[in-house]
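Let's take a friendly walk through a structure together. Keep the 3D view open and turn it as you read.

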Amino acid sequence: MRRRALDAARASPRGGRTAERASSRSSATPARARARSSASAGQVDPNERAKFERDAALWWNETRGPFAALHAMNPTRVAFVRDAMREQFKETLGTNAMRDALRGTRVLDVGCGGGIFAESLARLGADVTAIDAGLANIEIARAHAARDPGLDGRLRYEHVAAEALGDRGETFDAVTSLEVIEHVSDPMGFAKSLGKLVRPGGALFLSTINRTARSFAFAIVGAERALGLVPPGTHSFSKFLTPGEVALLASRSGCEMRELAGMVYDPIRNTWALSTDVQINFIAHCVKAKESTKKSKD
Amino acid sequence: MLSSISRRFASTATSGEIRDVVIVGGGVAGAALACALRRNEATSDLQVMLVDANDSIKRPLKDAKPDARCVALTPRSRSVLDACGPRVWARITENGRVRAFDSMQAWDGVGGGHVSYAASELGAEALGHVVENSLILEALEREMETLGVERVGKASASETRAPRESEAGALAEAKISVDEDGKTREFDVRARLIVAADGPKSAVRKSAGIKIAGWGYGQRAVVGTVRTDRAHSTAWQRFLPTGPIALLPIGDGTYSNVVWTTTPSEAKRLAEDVSDEEFAQEVHDALQGLGAYKSPFQENFDRFATLRFFEDAVNQAYKPLVRVTRETVSRAVGVPVIESAEEDTCAEFAPRFRYPPFVSPAGTDTKRGSFPLSTHHALSLTKPRLALIGDAAHVVHPLGGQGLNLGLRDAELLVNAIARARELGQDIGSASALAPYARASVAANVPMMAALDGLQKLFSAETYPVTFARSLGLAAVNATAPVRRKIAWYAMGGA
Ligand SMILES: Cc1cc2nc3c(=O)[nH]c(=O)nc-3n(C[C@H](O)[C@H](O)[C@H](O)COP(=O)(O)OP(=O)(O)OC[C@H]3O[C@@H](n4cnc5c(N)ncnc54)[C@H](O)[C@@H]3O)c2cc1C
């Protein structure tokens with residue numbers, strides 16, 4: 001009974017993230033476009049996209065609804081990204097107060113969904129561009145951010161695919177794409193477009209679900225089928241990626257994985273924590289080589 | 001860049017200046033929160049407004065008798081005050097009006113039996129300090145001035161509105177009404193977080209639709225000031241069938257603060273009808289077990305014969321029974337039962353009963369007052385953009401002297417939660433940011449409330465089996481050093 005709840009809880013955040021990803025993938029994955037003959041917004045499957053847009057209005061319900069688990073997980077992702085960036089960019093960020101840890105950096109969040117993660121980065125002082133393939137998500141994210149005048153000017157949402165943004169030649173100190181890649185149809189193409197958006201010496205953060213028996217039990221059987229915490233079809237097990245596969249994708253995109261952490265759920269306190277256990281959810285910090293030449297690493 | 005939708009949203013909520021935190025209620029809990037927020041590195045840039053019905057208070061007179069509203073501050077509460085500002089404690093203590101107490105004795109006024117413990121058992125210097133409420137508040141108000149907290153006095157937050165679910169992320173709104181020389185000035189503010197620190201009848205809590213659960217005790221607490229025949233540094237508490245009476249040293253230790261819980265009619269008599277001399281006499285009798293306050297078992301004995309009886313019982317005939325009880329209590333309280341020679345004989349080393357000092361009037365014009373007693377807890381401590389602290393969140397029975405200490409702990413826990421939220425880039429008024437506060441506060445409060453309520457019930461029983469078992473239990477607790485230490489630790493705020 002307890003174990004079930006745990007599984008479900010672990011899996012459910014995914015539900016939330018999935019939605020996030022789904023939206024992002026739609027906008028973000030040009031690669032997918034190849035795989036599918038899909039619409040201009042990107043490679044996202046139109047059915048999947050409709051599925052997530054239905055949920056869009058629920059994005060900012062923190063305690064109930066499909067994104068509650070994602071809200072619970074968010075501080076853990078933020079802490080990982082914040083600390084990794086502080087370490088990587090310590091010459092420039094070293095003197096920032098913790099509450100302002102990212103002041104002076106430009107960050108791109110790909111697949112921002114309702115803006116849960118992007119707002120946090122902006123509050124930590126980063127100059128954030130957040131994109132998503134779902135127009136509804138972008139509208140929701142903008143409306144939410146507009147209610148807090150303190151965010152003014154530090155957070156910019158755009159309904160655009162990562163590939164299109166890359167074509168503009170813009171680069172960022174860090175690119176994040178959290179709980180997105182397992183929803184794109186061409187992970188390799190997607191990762192490459194992300195890599196292109198990272199400036200030389202910058203950071204790429206990816207998080208997803210591992211493809212293990214446990215993640216199958218939690219995310220698919222537990223959350224979707226047994227407990228219905230996320231709508232059936234939210235995840236497709238075969239799209240889950242192992243840490244090794246993520247490292248390979250990053251490497252092919254010019255970024256080397258520097259750090260990997262698991263994120264585990266505590267159902268009693270409804271909180272998440274970083275862990276060495278990467279069996280289910282994990283997040284990776286990758287670094288792009290300094291020289292601006294094409295990544296020669298792989 | 002803004003879409004038409006977001007522009008529409010942006011333009012709806014325009015009235016009122018924005019403050020990060022608006023604290024309604026400037027009692028000790030609210031004032032401490034304001035200071036601690038401005039002090040904490042992660043929150044010091046937040047703009048804090050504090051609204052209170054009263055004007056800021058004047059420094060109490062140097063030579064005046066101690067005020068009847070006193071509080072026994074735990075060491076942990078003291079550390080919260082230190083976090084409010086390095087000069088706060090110095091200011092509170094500079095006129096020698098604060099008394100440290102280093103031991104505590106509680107005894108059963110019906111059946112006999114007592115528990116004593118001392119700070120030294122925990123390697124601490126003091127179990128706490130007895131301080132006048134007004135001194136703490138005055139020091140905090142001065143600190144707020146230094147720290148740039150915007151205090152709006154003679155004002156109330158007449159309306160507070162949290163965002164509806166459909167407008168998640170919108171700021172909260174409050175209408176503030178200020179009394180300016182008889183005229184009322186009103187203004188609106190918007191806030192990332194509104195804190196209800198407006199006491200047990202919290203209007204903010206009510207307007208947020210947060211219900212409370214609890215019960216009254218049908219009792220009132222009388223507070224007053226008396227003198228004692230000698231300076232002392234012990235918190236004395238005797239459990240009478242009508243409720244506990246406590247004597248707490250204050251000032252140079254020859255003054256004492258009395259908190260006497262009793263029936264409403266008795267409370268009225270003691271607070272309003274009797275003279276200062278009569279009040280002091282009754283306090284004396286109640287503590288010494290004289291006159292109307294004799295234990296039913298005392299009739300044919302010395303005043304403290306029953307107490308001695310239980311001490312002897314513990315040391316001799318009841319020793320095996322006490323060992324069993326001791327183990328049970330140890331387990332219940334969660335301390336290990338240590339089987340050692342010392343523990344085996346510790347009954348003999350149990351602190352002996354000490355006689356409380358003799359009481360006399362503190363003067364002719366001491367103020368007394370009485371307060372209704374209840375225990376309640378808000379059914380939720382947070383909502384988006386709202387947090388409840390102090391008595392607005394929970395009221396406990398005063399028998400452990402914990403109410404204000406819990407309020408200070410709330411202030412500390414809420415600052416911690418807000419600081420954590422800021423370092424994680426969270427919206428400080430969001431449900432996610434406030435959840436750790438609610439969790440931690442409930443974890444701290446509920447066991448304390450249950451314990452105080454249980455003690456209250458236990459000690460209001462008068463039937464012989466209960467009083468006998470109670471006395472034996474007290475004797476057993478008293479004979480068990482680890483349990484005594486655990487109780488002392490708990491009473492000190494787990495510091
Ligand atoms: C008899 C008695 C003895 C006690 N002894 C002890 C003890 O020994 N140890 C201990 O720790 N605790 C003790 N307590 C409890 C303690 O006094 C309270 O827990 C504590 O004072 C609560 O502090 P607070 O700041 O939460 O609320 P309060 O002190 O009640 O402050 C509330 C403030 O809000 C203001 N206010 C109210 N409504 C509004 C409004 N609408 N707008 C603006 N301002 C408003 C009021 O003016 C007041 O300043 C005792 C209580 C009683 C009754």
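## A sheet in chain B

In what order do the three strands of the open sheet in chain B lie? The order is β3-β7-β4, and the pairing is antiparallel. Keep in mind that this is a predicted model.

Look at the edges of this sheet, where you will find β3 (70–73) and β4 (99–101) of chain B. Each has a single partner strand, so one side of each is left without a neighbour in the sheet. From one strand to the next, the twist averages 25°.

## Zooming in on β7 of chain B

Strand β7 of chain B spans residues 128–132 and pairs with β4(B) in the antiparallel sense over three bridges.

Now look for helix α5 of chain B, residues 133–147. Helix α5(B) lies across β3 and β7 of chain B, and runs at about 85° to β7(B).

## Around the ligand

Which residues come nearest to the ligand? Out of 31 residues around the ligand, the answer is D52(B), R69(B), D391(B), G401(B) and L404(B). The shell is made up of 16 nonpolar, eleven polar and four charged residues. Several elements of chain B supply at least two shell residues each: α2 (28–39), β3, β9 (155–161), β12 (212–228) and α13 (403–423).

R69(B) has a side-chain N or O atom 2.7 Å from an oxygen atom of the ligand. With A29(B), a polar backbone atom is 3.0 Å from a ligand oxygen, while N54(B) places a polar side-chain atom 3.4 Å from an oxygen atom of the ligand. On its own, the ligand has 1000 Å² of accessible area, and the protein covers 83% of that.

## Strands in chain A

Over in chain A, find strand β6, residues 255–266. Eight bridges join β6(A) to strand β8 (residues 281–288) of chain A, and the two run antiparallel. Here M257(A) stands opposite C286(A).

β6(A) is also joined to strand β7 of chain A (residues 271–275), by five bridges and again in an antiparallel way. In this pairing, M263(A) stands opposite L274(A). How many residues lie between the strands in the hairpin of β6(A) and β7(A)? There are four, and in this hairpin N270(A) takes a positive phi near 50°.

Terms used: Residues are numbered from 1 along each chain as its sequence is written. Chains are lettered from A and ligands numbered from 1 in the order in which they are written. This is a predicted model: local features need pLDDT of at least 70, side-chain atom pairs count only at pLDDT 80 or more; totals for chains, interfaces and linings use all residues. Side-chain values use heavy atoms; hydrogens and water are left out. Two strands pair if DSSP finds at least two bridges between them. Axes are lines fitted to C-alpha atoms, for helices over the stretch in contact, and angles run from 0 to 180 degrees between N-to-C directions. Contact means heavy atoms within 4.5 Å. A residue is near a molecule or strand if one of its heavy atoms lies within 4 Å of it. A polar contact is a pair of N or O atoms within 3.5 Å; within protein, one must be able to donate a hydrogen and the other to accept it, and residues adjacent in sequence count only if both atoms are side-chain atoms. Accessible areas come from the Shrake-Rupley method with a 1.4 Å probe; for residues, only the protein chains shown count as cover. Ala, Val, Leu, Ile, Met, Phe, Trp, Tyr, Cys and Pro count as nonpolar, Asp, Glu, Lys and Arg as charged, and the others, Gly among them, as polar.
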